[in-house]
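Q: I am new to this structure. Could you take me through its features one by one?

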Amino acid sequence: QGPTDADLMNDAKSTGDVLTYGMGPQAHRFSTLNAINSGNVSKMVPAFSASLGGEKQRGQEAQPIVYDGIIYVTGSYSRLFAFDARTGEEKWQYDARLPDGIMPCCDVVNRGAAIHGDKIIFATLDARLVALNRLTGKVIWNKQIADYKEGYSATAAPLIVRGMVITGNSGGEFGVVGAVDARDVNTGELIWHRPVIEGHMGTLKGQDNGVTGKLNATWQGDLWKSGGGATWLGGTYDPDTNLLFFGTGNPAPWNSHLRPGDNLYTASTLAIDPETGVIKWHYQTTPHDGWDFDGVNEFIPFDATINGKPMKLGAKADRNGYFFVLDRTNGKFISANKFVMQTTWANGFNKAGKPNVIPEGRPPAPGEGKGKSVFASPSFLGGKNWMPMAYSQDTGLFYIPSNDWGMDIWNEPIAYKKGAAYLGAGFTIKSIAEDHIGALRAMDPKTGKIVWEYKNKAPLWGGVLSTGGNLVFTGTPEGYLKAFDAKTGQELWKFQTGSGVVGSPVTWEQDGEQYVAVMSGWGGAVPLWGGEVAKSFKDINQGGALWVFKLPK
Ligand SMILES: O=C(O)c1cc(C(=O)O)c2c(n1)C(=O)C(=O)c1cc(C(=O)O)[nH]c1-2
Ligand SMILES: [Ca+2]
């Protein structure tokens with residue numbers, strides 16, 4: 001009858017399938033499989049490739065779901081494909097008919113589906129959630145998350161916890177209000193609605209949001225009403241503490257002089273009670289964000305002994321260039337360490353978890369100061385953007401797909417208008433290193449030190465997978481899926497897929513053999529917003545294909 005709630009919670013341990021975005025609710029992206037390993041990966045070859053067809057191909061950011069001999073992938077234009085996991089033959093395809101006038105900020109993308117019982121569920125760019133029969137592709141239910149005409153969209157893979165489909169929303173560049181929603185997986189009916197901007201009450205189960213004092217205390221006037229904080233990357237779930245962790249995006253507008261204050265809960269990680277939607281704790285990684293550092297990056301639960309004390313922790317490699325470790329039971333700050341070459345906005349974090357802000361690093365108000373623009377690093381595209389890192393239970397390291405780059409950024413006047421871009425800022429992305437933008441970095445969460453790094457000419461824009469075979473996989477815009485030694489970073493294997501790889505690789509076991517799969521198809525925010533920097537590396541062809549690999553028999 002299909003995967004149960006318990007199967008989803010057990011996904012990290014069940015090697016015969018991939019049931020969740022993140023390969024487990026904690027999103028470690030780690031598989032214990034070791035048939036393919038650092039000793040033999042150099043022999044890995046394609047098993048098959050499957051085309052998404054069609055003329056409309058943009059960023060293929062999806063992570064495949066694998067269940068009962070079928071691989072499910074979403075395509076950039078809100079499409080869902082079911083391929084035979086042994087041959088690549090297409091079983092069915094679903095095309096959401098998107099209305100004219102959708103407003104995704106950063107290319108047409110979709111990061112993947114969720115599976116439960118007889119259903120496969122994904123979000124569409126017009127901010128809807130569609131549940132299909134996983135065997136036939138027929139629609140079971142179709143619900144609106146929010147109104148696309150107001151600037152809302154949806155790009156993240158849903159998360160399923162205890163019979164609830166939990167989603168975020170996109171639209172931070174249009175002054176929407178970020179929110180987390182829980183729906184009944186069987187009917188799509190809303191269970192709770194948790195807006196993540198102070199001032200909005202939402203519909204929670206039983207109680208208010210637990211905020212003390214004035215509801216919109218960190219906002220002035222009516223600004224909270226269009227405050228942004230989109231939860232556009234979805235979330236993770238920790239069965240251990242029974243908490244959902246959702247990152248929240250940039251405050252709106254980007255021009256921070258128009259919205260004095262900390263602007264809670266933007267650019268933060270929130271711990272949410274899955275039963276009620278109540279926010280249990282929050283930690284803001286970029287107070288009063290003025291760079292679109294956003295803060296949606298995934299928060300990954302892990303356990304480690306710190307100063308002789310075993311602790312339940314969580315880690316987040318933030319777009320602002322810092323790698324955070326928090327106590328995941330209460331959100332208490334443990335450490336923040338730089339994982340990129342340069343951060344111009346802050347010089348580390350103090351013991352209380354507040355950034356040592358560099359005042360000159362903030363883009364000035366229009367017409368203020370000496371020059372109108374400042375150089376800022378990381379660029380708004382981030383020390384790390386949406387692409388998920390992996391955590392290896394074997395090495396104890398996090399593998400961060402990061403980028404070293406900066407931007408000239410300036411502010412402009414802007415007024416909120418429903419359904420229109422709401423930035424009040426302009427930018428030019430700049431290189432800061434001769435030899436690379438991308439860098440895959442192995443971070444030791446106990447020391448905050450980078451153990452190894454692999455540098456890539458073009459920005460890295462795909463997810464990471466780590467395995468019990470001492471391997472780390474990630475893709476490159478230049479078209480390669482690559483495998484590295486998890487301990488040393490030595491490159492051991494690569495395969496040219498024909499277009500840029502910005503998807504997240506997965507691995508599973510089938511008929512006694514280990515398989516690795518990844519989507520190929522260049523797109524996402526870099527070709528759209530990267531300007532001259534995007535032109536500085538080789539021209540990359542569009543694509544749209546699933547690639548599946550294994551060892552030769
Ligand atoms: O604030 C938002 O709502 C929002 C949404 C998205 C998205 O849904 O893809 C991106 C961003 N912001 C963003 O700032 C960004 O750099 C970005 C890159 C990408 C991508 O898929 O390449 N999406 C988004
Ligand atoms: Ca954003």
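Q: Is tryptophan 386 buried or exposed, and how is that decided?
A: A residue is buried if 20 or more other C-beta atoms lie within 10 Å of its own, exposed if 12 or fewer, and partly exposed in between, with C-beta atoms placed from the backbone. Tryptophan 386 has 28 other C-beta atoms within 10 Å, so it is buried. This is a predicted model, in which local features need pLDDT of at least 70 and side-chain atom pairs count only at pLDDT 80 or more, while totals for chains, interfaces and linings use all residues. Residues are numbered from 1 along each chain as its sequence is written, and chains are lettered from A and ligands numbered from 1 in the order in which they are written.

Q: Where is tryptophan 386 found?
A: Helices (H or I, at least four residues) and strands (E, at least two) are DSSP runs, numbered from the N terminus. Tryptophan 386 lies in the loop between strand S25 (373-376) and S26.

Q: Which sheet includes S26?
A: Strands of a sheet pair through backbone hydrogen bonds, either parallel or antiparallel. Here two strands count as paired if DSSP finds at least two bridges between them. S26 belongs to an open sheet of 4 strands, in the order S26-S27-S30-S31, with antiparallel pairing. Strand S26 (390-391) and strand S31 (449-456) each have a single partner strand, so one side of each is left without a neighbour in the sheet.

Q: How many bridges join S30 to S31?
A: Strand S30 (residues 438-444) is joined to S31 by 7 bridges, and the two run antiparallel. Leucine 440 stands opposite tyrosine 454 in S31.

Q: Which residues does the UniProt annotation "binding site" cover?
A: UniProt positions are given in the numbering used here, feature names are shortened, and annotations may be inferred rather than shown by experiment. According to the unreviewed entry, the annotation covers Glu61, Arg111, Thr155, Asn385 and Trp386. They are spread over 326 residues of sequence but cluster in space, the largest C-alpha distance being 13.7 Å.

Q: What does arginine 111 touch?
A: Two residues are in contact if their C-beta atoms, placed from the backbone, lie within 7 Å. Leaving aside residues up to four places away in sequence, arginine 111 touches Tyr21, Glu61, Ala62, Gln63, Thr155, Ala156 and Ala157. Arginine 111 sits in the loop between strand S6 (90-95) and strand S7 (114-116). With 28 other C-beta atoms within 10 Å, arginine 111 is buried.

Q: How many helices and strands are in the protein chain?
A: The protein chain has 3 helices and 38 strands. Buried residues make up 59% of its 553 residues.
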